[in-house]
Amino acid sequence: MDLSNFKSGFASDYETSRTMFREACGKQYGKVKALPIIDDCTIDLFCREGTDKKKLLFITSGQHGIEGYVGAGLIQCFIKEYLPNLDASIGIVLIHGMNSWGMKHYRKTNEHNVDLNRNFMVDFTKAAADANPFYLKAAKLFQPARGYRHAFLETIRFVGSTVSLLMKMGMGNIEKAMTLGQFVCDKGLYYGGHEDEPATAIMKALYQEYFTKYEEVILLDMHTGYGPANHMSIVNSRFEKQSSKEMKENFQYPDVVKSDAQEFYEIYGDEIDYLYQTFPDKKMYAATFEFGTLGNDIMGYIRTLKAIVNENQAYFYGTGNERQKQSIKEAYQKLYQPMDDAFYQAIYPQFVKAMDGILKYYQYIK
Ligand SMILES: [Zn+2]
C-alpha cells in the first residue's frame, strides 16, 4: 500500500469514519452490527468467525473517543492489508468507536464524562473516594471551575499552578495524580465512574462471548497521545508475564513498554488489565498501540497537560469567544488526532512492523 492509499483510510468526522468502516467490511465480508449507545452513536462490530475456533484476533478503536479517528484509520489499513491474507481458520473481530459519543464530539471521555479506560473495574468497591489521594491535591490545576475567558491570564495561572505543584509534589506524582484515574470528581479528568458504562457493559459481554469461544486470543486496542513523539509504542499490561525486553526481541519491535509504575504509568480500571484478570487461564496476548504525539519530555508533558485541562474547562464552563474555543480544540486535536503528513509517514511503517511482529510471533501469519 502506498502512503496516499494509507491516508485515504482516515476520516475527520464520526459519521464518515463509521460509514467507511461499514463499507470496507460490508462490501467484501458481510454486515457490520451497530450496537446503539446514545443518540445516533453506535459501537460498530464486524466479525468474521474462524472456520475452527482456535485463533481469534480482536482489534478495538475509539475507547478514548477522539483517538478513534486514528484507530479507525489503522483498522482500515488492517482491512486492506491483512484481512485478505489471514487464514480463514482465524476469527476476526473489529470494533469501530467503542466510545462513539466521544468520537463524534471530539472528546476523550464519554457522554457521562467517564474515561472508559478507567471504567473497566473488576471490582467497583475499589473505586473509592480515596483511591487517588493525589488527585484532589492537584484539583486546582486539573479542573479550574470557571469559564476560559482570557488566554493570557489562563496561561499565567496554569504555569503558576504547575510550578507550585511541581515544587510540592514533583513531576512523577503530578502525572500519577492525573492518570491513575479518580472516582470523586465527575467533571474532572480521568474520571472512572461508579458502575459499568453502557459501552463498558457491551464490551465486557463481547469479550465474554468471543474469548470463551476461541482457544487463543490476540487483542489490540488503538490509542494516541502518550509516549515519545512520533513513536508507536506497544504497551503491555502489568499482568503480562513476558518482560518488555523479551517482547522487543520476540516481536522485533523497538518500542515496547509495560503499564506499570516503572515503565509507563499504573492505572485503575484499565481495559487490558481487566482482560488479564478476567481470563487468567486464557492463552492470550492483549496490548495497546499508543502513538505518541507531543512527546514525553518535560515540555511535551506540560503541553499535554495544558491541552487536557483547557479542553475540560472549556467543555464544562465555556470560553469567552469562538476563537478561544477553536484554539483549545486545535491543541487537543494535535494531541489525540494528529493528521498531518509527518504523522502518516511515521505511523504507517511502525503499525505494519508491530502487526507483522506480533502476528508472526503468535503464528497468525507466516
Ligand atoms: Zn487513549
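Let me begin with a definition: a residue is called buried if 20 or more other C-beta atoms lie within 10 Å of its own, exposed if there are 12 or fewer, and partly exposed in between, with the C-beta atoms placed from the backbone. What you see is a predicted model, in which local features need pLDDT of at least 70 and side-chain atom pairs count only at pLDDT 80 or more, while totals for chains, interfaces and linings use all residues. Residues are numbered from 1 along each chain as its sequence is written.

I turn to the overall layout. The protein chain is assigned a domain 1, made of 3-121 + 192-293 + 338-361, and a domain 2, made of 133-179 + 297-334. Such bounds come from an automatic or database domain assignment. Between the C-alpha centres of domain 1 and domain 2 there are 28 Å. How many residues of domain 1 are in contact with domain 2? Seven residues of domain 1 contact eight residues of domain 2, where contact requires C-beta atoms, placed from the backbone, within 7 Å. On the side of domain 1 that touches domain 2, five residues are nonpolar, one is polar and one is charged. In this classification, Ala, Val, Leu, Ile, Met, Phe, Trp, Tyr, Cys and Pro are nonpolar, Asp, Glu, Lys and Arg are charged, and the others, Gly among them, are polar.

Next, the interior. A nonpolar core is a set of buried Ala, Val, Leu, Ile, Met, Phe, Trp, Tyr and Cys residues joined through C-beta atoms within 7 Å. The largest such core has 100 residues, and I218 and A354 have the most contacts inside it. At least three residues of this core come from each of domain 1 and domain 2. Beyond residues up to four places away in sequence, A354 touches M232, I234, F251, Y253 and F289.

Which residues of helix 13 are buried? They are I328, Y332, L335 and Y336. These residues lie on the same side of helix 13 because they cover an arc of only 80 degrees around the axis, the arc being that of the directions from the helix axis to the C-beta atoms. An α-helix has 3.6 residues a turn, so residues three or four places apart point the same way. The buried residues of helix 13 pack against strand 5 (216-224) and helix 12 (298-317). On the other side of helix 13, E322, R323, Q326 and E330 are exposed.

Helix 12 also holds G300. With 18 other C-beta atoms within 10 Å, G300 is partly exposed. Leaving out residues up to four places away in sequence, G300 touches A229, L294 and G295. G300 and P228 are 72 residues apart in sequence, yet 8.9 Å apart in space, C-alpha to C-alpha.

Another glycine, G269, sits in the loop between strand 7 (256-258) and helix 11 (271-278). Is G269 buried or exposed? G269 is buried, since 26 other C-beta atoms lie within 10 Å. Among the residues that G269 touches are N117, R118 and G192.

In strand 8 (residues 283-291) we find T288, which is buried with 23 other C-beta atoms within 10 Å. Its contacts, apart from neighbours within four places in sequence, are D221, H223, V235 and I272.

Finally, some backbone angles. Most residues other than glycine have a negative phi, and most peptide bonds are trans. Y106, in the loop between helix 4 (100-104) and helix 5 (133-137), has a positive phi of about 55 degrees. Y106 is buried, with 20 C-beta neighbours inside 10 Å. Y190, in the loop between helix 8 (171-179) and helix 9 (198-213), has a positive phi near 50 degrees. Y190 also counts as buried, with 25 C-beta neighbours inside 10 Å. Thank you for your attention.

Terms used: Two residues are in contact if their C-beta atoms, placed from the backbone, lie within 7 Å. Helices (H or I, at least four residues) and strands (E, at least two) are DSSP runs, numbered from the N terminus.
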